[in-house]
Every structure is written in structure tokens, then in C-alpha cells.
Amino acid sequence: MEQLTYLVTNPLGIHARPAALLAQTCVDIKGAVTVSCNDRVADGANVLQILALAAKQGDTLTVTVEGENEAEDIKEIESLLQKEFAGKNVDVLKIAFFGTKDYDRTFFSELTKVKGEGTYNSDIKYFTVRLTPETVGLTKGFDAVCIFVNDEAPRQVVEALHDNGVKLILLRCAGFNNVDLQAAKECGITVLRVPAYSPYAVAEHAMAILQESNRRLHKAHNKVKENNFALSGLLGLDLHNKVAGIMGTGRIGICMAEICKGYGMKVLGWDAFPNKALEESGLLTYVEKEELLAKSDLISLHAPLFPSTYHLIDAKAISLMKDNVMLVNTSRGPLVDAEALIEALKNGKFHAVALDVYEGEDANVYTDRSDEPLTNDITGRLLMFPQVVLTSHQAFFTREALQAIATVTMENARNFNEGKEYGMAEVSAK
């Protein structure tokens with residue numbers, strides 16, 4: 001166990017920004033961290049618990065680390081705590097926040113309570129509606145908008161944002177295919193995203209729903225609820241000694257490759273920009289797309305959505321796959337041609353298909369339609385197949401991921417407001 005004490009010198013105490021940065025540091029390190037102050041104890045990886053300590057100027061924080069790399073972890077935390085959390089004296093940034101849910105308000109409201117030098121210095125107005133051509137009028141008088149994967153920012157919307165005085169689009173996600181970047185460039189609007197939040201969340205969800213589909217857990221659960229304990233229709237496949245094909249080997253793809261390796265699978269990789277270090281480490285072997293499709297028993301999609309990856313899995317790609325193959329997509333729906341997938345399912349091509357995202361899902365995402373008839377044609381047809389599992393774009397949905405999304409989004413807003421560098425967060429037209 002390693003321990004350090006820190007005297008709080010900031011006149012605002014441990015406000016939202018240092019708390020958020022401390023929590024993110026604790027999420028990323030290997031050890032278990034606790035922070036205590038005034039007889040209260042917080043999980044170091046939980047920003048809300050750190051804020052609940054209510055540490056004021058003159059209070060003492062005690063940070064404890066337990067784990068394999070305690071000495072290195074405590075040094076990293078100490079370095080962060082010693083940093084100056086001051087910032088420029090700037091105007092408050094007014095942000096219109098679209099498509100909000102209760103969990104968004106929980107994290108973002110805590111981060112923006114405090115105003116002044118060194119804080120996020122932002123005011124958020126929450127809208128439950130999505131940003132669309134019909135709702136863009138709500139942005140008048142705001143400096144920025146914050147949107148998610150199912151909001152719409154085509155040219156029409158971007159030009160309206162510009163006319164309304166908006167200078168910044170904050171994406172609280174990694175993907176940016178729903179924003180017309182060329183229009184944003186022409187209008188002088190900066191677009192900032194969250195390049196990575198929790199790759200573990202997405203990769204773990206990918207394996208969870210893949211195994212649900214493979215082992216027919218969704219069917220088994222319903223059968224047992226009906227007092228039916230027969231095993232008919234529940235036959236699965238071992239993953240051990242099978243071949244996993246990872247299409248897209250960024251941070252999420254790497255996590256999925258490590259999970260597959262842990263199952264005893266051989267891992268093949270395909271990426272437009274191969275990371276040779278992954279081969280050198282023995283994690284995977286890079287092959288051409290066609291070879292991956294032909295040799296893999298499990299194919300997991302982790303590529304971004306670009307024109308070059310639109311319908312990455314189409315009828316031709318499916319024809320190259322093994323019979324009885326397993327497919328999982330937790331990246332972007334249009335990576336898979338839904339019509340080609342449904343046709344292949346009709347012909348018995350797939351043993352298991354697990355989709356957290358799928359083409360045509362947009363109107364359903366994060367919407368409760370339980371009192372409505374199922375009118376989405378693609379959703380309805382996919383749900384007909386017993387080997388298909390659908391979830392509602394929730395792979396990212398863990399506390400750690402939501403915390404990271406909120407922190408990075410507000411760091412992006414702060415960097416814009418104070419004229420600082422954006423790093424990998426900035427996206428623009430090529």
C-alpha cells in the first residue's frame with residue numbers, strides 16, 4: 001500500500017475540474033485508489049464521490065493506492081495533484097445540449113456547477129429533443145452545441161447553427177459521421193469529439209452479446225421463465241481454438257483481441273493502418289480483408305464509418321465467410337449492409353449475429369417505444385431470427401465511460417474557450 005497527503009490550496013477547493021481529472025487518472029491506472037477527507041472516503045475512480053468529499057481550501061486529502069504498481073501509480077497521482085488548476089479569465093461558454101437523458105445531467109451538471117478561473121466555466125441548457133433541421137432554431141443565442149450519435153448535423157443544420165451564432169460543435173462520442181465537416185469548415189465552426197472514453201466498455205459488451213447469441217442465452221432465459229428446462233434450440237459453439245477476425249485495430253479492437261486471446265482463440269487483424277507492434281507482441285496477425293473473412297469463425301467490427309468502410313460487410317463479403325460464422329458489430333450500423341445480412345440469415349449462413357448497432361436504427365436509439373407497434377422494418381426482420389441479438393446502442397454505457405465522456409467533452413469546451421490546443425479531439429474536412 002502507498003499513501004500520500006495533499007493540502008488543498010485552491011480557493012475553490014477540489015472543484016469539478018480537478019476532481020474529474022483525478023478520477024480519470026485513477027480509472028486509467030492499475031491500482032485501486034481511495035481518497036479520504038474529513039472522515040469521508042471516496043472511490044478515486046468516481047468523480048461524483050470525490051466531489052461529495054466537499055474538500056475546501058485548507059483541507060487535507062489522503063490518497064491510498066493498492067495494487068501491483070503502487071509506487072508508479074502514486075507518483076502519477078501526486079504529479080496531477082501538484083499541477084496548477086488555474087486557467088484564463090474568460091467569458092462563460094453557453095452550450096445547448098441536445099438529446100439529453102438523466103444520466104447526462106448527472107455527470108455534466110456536476111462538472112459545470114462552479115464558475116471562475118480554473119473551472120470549466122460553462123453554462124448548459126438541456127434539451128431532450130435531438131438536434132435536427134426542425135429543432136436547430138433552439139440554438140439561437142448559444143456559443144456551442146453538444147450532440148450525440150443520433151443527432152443530425154447535415155449542411156442545412158450546420159449553416160443554421162452558423163446563422164444562430166454557434167461557433168463550436170461538441171460531440172460527446174468518438175464518431176463524427178453525422179456532421180457535415182465541409183460545411184462546418186466553410187462556416188468557421190470548430191468540431192471536437194471524444195476520441196476515446198472506455199474501450200473496455202465497448203469490447204466487453206461485444207463479447208457479452210456475442211456469447212448471448214452463441215449460447216442462445218436470450219432464448220434460455222425466456223424458456224426458464226416459462227418453466228421450460230429443455231435444451232432444444234440452445235446449442236452453442238466453443239470459442240476455444242477458434243479464429244477471431246478483428247476488423248479495425250484501434251483501442252477498442254485491441255481490447256476485443258485481448259478478450260478473444262483470453263478465450264484461447266487465434267486472432268487475425270485487418271486495418272487500413274496496421275499497428276505492427278500488435279504483431280510483434282504476439283496479440284494478432286494482420287491479413288488482407290478477404291483472408292480474414294474466409295478464415296474467421298468470429299468476426300468483430302471495430303472500424304470507423306467512412307465512405308471507404310460503408311457496407312464493409314456486404315453480400316460479397318458475406319459470401320467469402322465460412323458457413324456457421326459469428327458476427328458482432330458494436331461500431332457503426334452502416335458498416336453492415338442490413339439487406340445482405342438479412343438475406344444471408346434467411347439462408348442459414350450465420351450461427352450467431354450480435355448487433356449493438358445496425359443500419360436503420362436511428363429512429364429507435366434511446367427511445368422508449370414499448371407502447372407502440374414495431375414499425376421499423378429492419379428491426380422487425382432482424383428480430384425474427386433466433387440466432388440474432390440486438391441491443392440499443394449501449395456498448396459504451398458504463399459509469400467509467402460516461403464519466404470519461406463528460407470530462408473530455410468539458411475539457412474540449414474549456415480548450416476552445418481559452419484558445420488552447422485541441423489535440424486528437426479536433427475533426428475537420430480533409
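I counted as a salt bridge any side-chain nitrogen of Lys or Arg within 4 Å of a carboxyl oxygen of Asp or Glu. On that criterion, I found 20 salt bridges in a search of the whole structure.

**Basis.** The model is predicted, so I noted that local features need pLDDT of at least 70 and side-chain atom pairs count only at pLDDT 80 or more, while totals for chains, interfaces and linings use all residues. Residues are numbered from 1 along each chain as its sequence is written, and side-chain values use heavy atoms, with hydrogens and water left out.

**Entry 1, salt bridges.** I took buried as under 20% relative accessible area, exposed as over 50%, and partly exposed as in between (1.4 Å probe, protein chains only). I looked up Lys 56 and found a salt bridge with Asp 59, with the closest N and O atoms 3.5 Å apart. Asp 59 has a relative accessible area of 12% and is buried.

I then turned to Arg 130, which forms a salt bridge with Glu 152 at 3.1 Å between the closest N and O atoms. This pair links distant parts of the chain, 22 residues apart: Arg 130 is in the loop between β6 (122-126) and β7 (144-147), and Glu 152 is in the loop between β7 and α5 (155-163). Helices (H or I, at least four residues) and strands (E, at least two) are DSSP runs, numbered from the N terminus. Arg 130 is partly exposed at 28%, and Glu 152 is partly exposed at 31%.

I also recorded a salt bridge between Glu 186 and Arg 155, 2.9 Å from N to O. Glu 186 lies in helix α6 (residues 181-187) and Arg 155 in helix α5, so the pair ties together parts 31 residues apart in sequence. A network of salt bridges links Asp 43, Arg 399 and Glu 400.

I located Asp 337 in the loop between β14 (325-329) and α13 (338-346). Asp 337 is buried but has no salt bridge, and the nearest side chain of opposite charge, Arg 381, is 8.6 Å away. For charge, Lys and Arg count as positive and Asp and Glu as negative; His and the chain ends are not counted. At the start of α13, a side-chain oxygen of Asp 337 reaches to within 3.1 Å of the backbone nitrogen of Glu 339. Leaving aside neighbours within four places in sequence, I found Asp 337 in contact (heavy atoms within 4.5 Å) with His 311, Ile 313, Asp 314 and Glu 359.

I noted Ala 338, Ala 340, Leu 341, Ile 342, Ala 344 and Leu 345 as buried in α13. The elements covering these buried residues include α12 (315-320), β14, β15 (350-355), α14 (377-382) and β16 (388-390). Just after α13, Gly 348 takes a positive phi of about 75°.

Two strands pair if DSSP finds at least two bridges between them. I traced an open sheet of 7 strands with parallel pairing, in the order β12-β11-β10-β13-β14-β15-β16. β12 (285-286) and β16 stand at the edges with a single partner strand each, so one side of each has no neighbour in the sheet. Strands β10 (residues 243-247) and β11 (residues 266-270) pair in the parallel sense over 5 bridges. I identified Gly 269 in β11 as the bridge partner of Ile 246.

Note on methods:
Polar contact = N/O pair within 3.5 Å; in protein donor to acceptor, adjacent residues only side chain to side chain.
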